[in-house]
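Grab the model and let's work through a few exercises together. Each one has a task, then a solution in steps.

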Amino acid sequence: MGFSQETLDRLRASARIEHIIARYIPAMQKRGDNLLALCPFHKEKTPSFTISPAKQIFHCFGCHEGGNVFTFVQKIERVNFPRSVEIVADIIGFDLPKKNDPEADYRSRLYRILDYAARSFQQNLKDSPAVGYLQKRGVSDEAVIDFELGFAPDSWEFMKNRLDSKGISLKEGHESGVLGWKKETNRYYDQFRNRLIFPIRNQAGNCVGFGGRVLDDSLPKYLNSAENSLFSKRNVLYGLHRASEEIRSLNRAIVVEGYLDAIGCHQAGIKNVVAPLGTALTENQLQMLSRMCAEIVLLFDSDTAGTKAALRTVSTSHDYNAAIRIGSIPEGDPFDYIQKYGARKLLMHVDTACEPVEFMLRDHFEKNRFKERPLILREMFAILKEYEFESEKNNAIKIIAQLLEARVDTIELDYQKYRGTKPVATVNVAPTKQKSFVQKSVEELIILMLNYPDLIEKSMIDFQEFEIDDQFLKGLVNKIFDLYEHDDAITTEKIFDFIEGEREKQFLSERLSADYVIENPESAYTEIYLNMKIHSIDMKLAHFNQLLRKCATSTDSSRILTEIDIWRREKDKLSSYIYSKNSFSFVAKNR
């Protein structure tokens, strides 16, 4: 694991789960003792993601994800457990003890190389050809500093020599993406030459790579760092570390196509703007933004390949909880448009952005309006096939009717003919397998032990006599017993640090997120124990009755009847004890 249990306990005690989650999901509603929000792990319209400040756990009743603060960060950041601990510590300013972690040391060295390269490029910008280019484009001196713009000279060894002079490993310079390497000659060389340099930082503000733009007509026009352990184009958005606070504040993110478009918007005071890294917008990038805001506006030139690829991503995925809208600019790119017309007019196009299906239909109609009506109608119907929800299709049919100046019911009829009439498929649902009495009892015991850890030691003794056939529940009970033997301070949030299986995490988060009516934990424990004892006796009685039916001699039947009588008396005694206790109902409150 890499961290002592004492360190994890102190960190968990300092990091309130509701505060950590609020950094990723700002829109949370108070609901009784809990907080409710739209789940960041699946698309939903009605909030089912619950955070329990009292128990310091979360659970989604829609997709069944759940766990403690570390589990949440693992899932939302897509990192392993040790990295989630580091992220939580960074967020709250908790000093983690230094540990011997070669992988972390290696990553730190790469980050230092990238930071050093960024500063070197910055220092080299002054008096370079890139200054004239930036001035011509209208980039202010302040924006140059804010976005750390630099210049890579037309040299194969500028950065290589700098790293070498500092005693920095050239191999790690290559692994960071700063240097290239030619295998045939085993020679390292500068990856970026004669280019305007855009340092790329991740959401945490760490430099993870660079984008380089030529100043002439040579190709490729843009060059990004090679992908490596720190840098993946599909998982990073340019400018997000500067824009994230404004995105959360305005509850809206604007996505433009290029580095300079993002810089130009920030320069004009529109600071909730990011850009993909010269590639099509990916689902991962949309997921990142959807965790921060309720609306994402794509503001691309409608004729670019980037927009078409982004529209494909948007139309084929519904896996995020933000409304995606498309805004179009009548001319130029966002930076040029701002310079010509000002930020207010650009924002007008943002505010009038429409849903993807409407944008695609209107765009297709404008480009094909002179085609024959049946042909253009079939092409527009083909666009609808990409969309999953009938409400989206119904709205799109109204848009098609408006564009073609036709009646809505006529277009609906044509669409039904286009799809073809298909019988409604019948689904044979397999009957739900009922839980056994032992399963229900063991589940109740687990809930009780984790909410009242003082009962664990007693359970370790009392429940040894029962055989738990369900291997999943048996393993979970044994895990709780093992943890208690090594650390008697078990809490509901701590248990998730030791559970690795997704099924176990889901099971625990579902049960622990519910509020149970347990007026007297000791009585609840006694009732579970006695009911399992009675169930065990019932199994014995059934066994002896079966033997009695097969009995061959009177001696054998007499012995069996004696056994039956003994166990019936024991059952009557235990049953009378339960009823005299007037015990409670072990049920969950309505959510």
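**Exercise 1.** Work out how helix H20 (residues 437–451) and helix H24 (residues 521–549) pack, given axes that come within 10 Å and cross at roughly 160°.

*Solution.* Start with the terms: axes are lines fitted to C-alpha atoms, for helices over the stretch in contact, with angles from 0 to 180 degrees between N-to-C directions. Helices are DSSP runs (H or I, at least four residues), as are strands (E, at least two), numbered from the N terminus. Angles over 145 degrees count as roughly antiparallel, so H20 is roughly antiparallel to H24. Next, look at who meets whom (contact means heavy atoms within 4.5 Å): the H20 side includes Phe437, Val438 and Leu448, and the H24 side includes Tyr525, Ile528 and His535.

A word on ground rules: this is a predicted model, where local features need pLDDT of at least 70, side-chain atom pairs count only at pLDDT 80 or more, and totals for chains, interfaces and linings use all residues. Residues are numbered from 1 along each chain as its sequence is written, and side-chain values use heavy atoms, leaving out hydrogens and water.

**Exercise 2.** Is His266 buried or exposed, and which residues does His266 touch?

*Solution.* First find His266 in helix H11 (residues 259–267). Its relative accessible area is 6%, which means buried (under 20%, 1.4 Å probe, protein chains only). Then list its contacts, skipping residues up to four places away in sequence: Phe147, Arg242, Ala243, Lys271 and Val273. Finally, zoom in on Val273, whose backbone oxygen lies 2.9 Å from a polar side-chain atom of His266.

Note on methods
Angles under 35 degrees count as roughly parallel, over 145 as roughly antiparallel, 65 to 115 as roughly perpendicular and the rest as oblique. Buried means under 20% relative accessible area, exposed over 50%, partly exposed in between (1.4 Å probe, protein chains only). A polar contact is a pair of N or O atoms within 3.5 Å; within protein, one must be able to donate a hydrogen and the other to accept it, and residues adjacent in sequence count only if both atoms are side-chain atoms.
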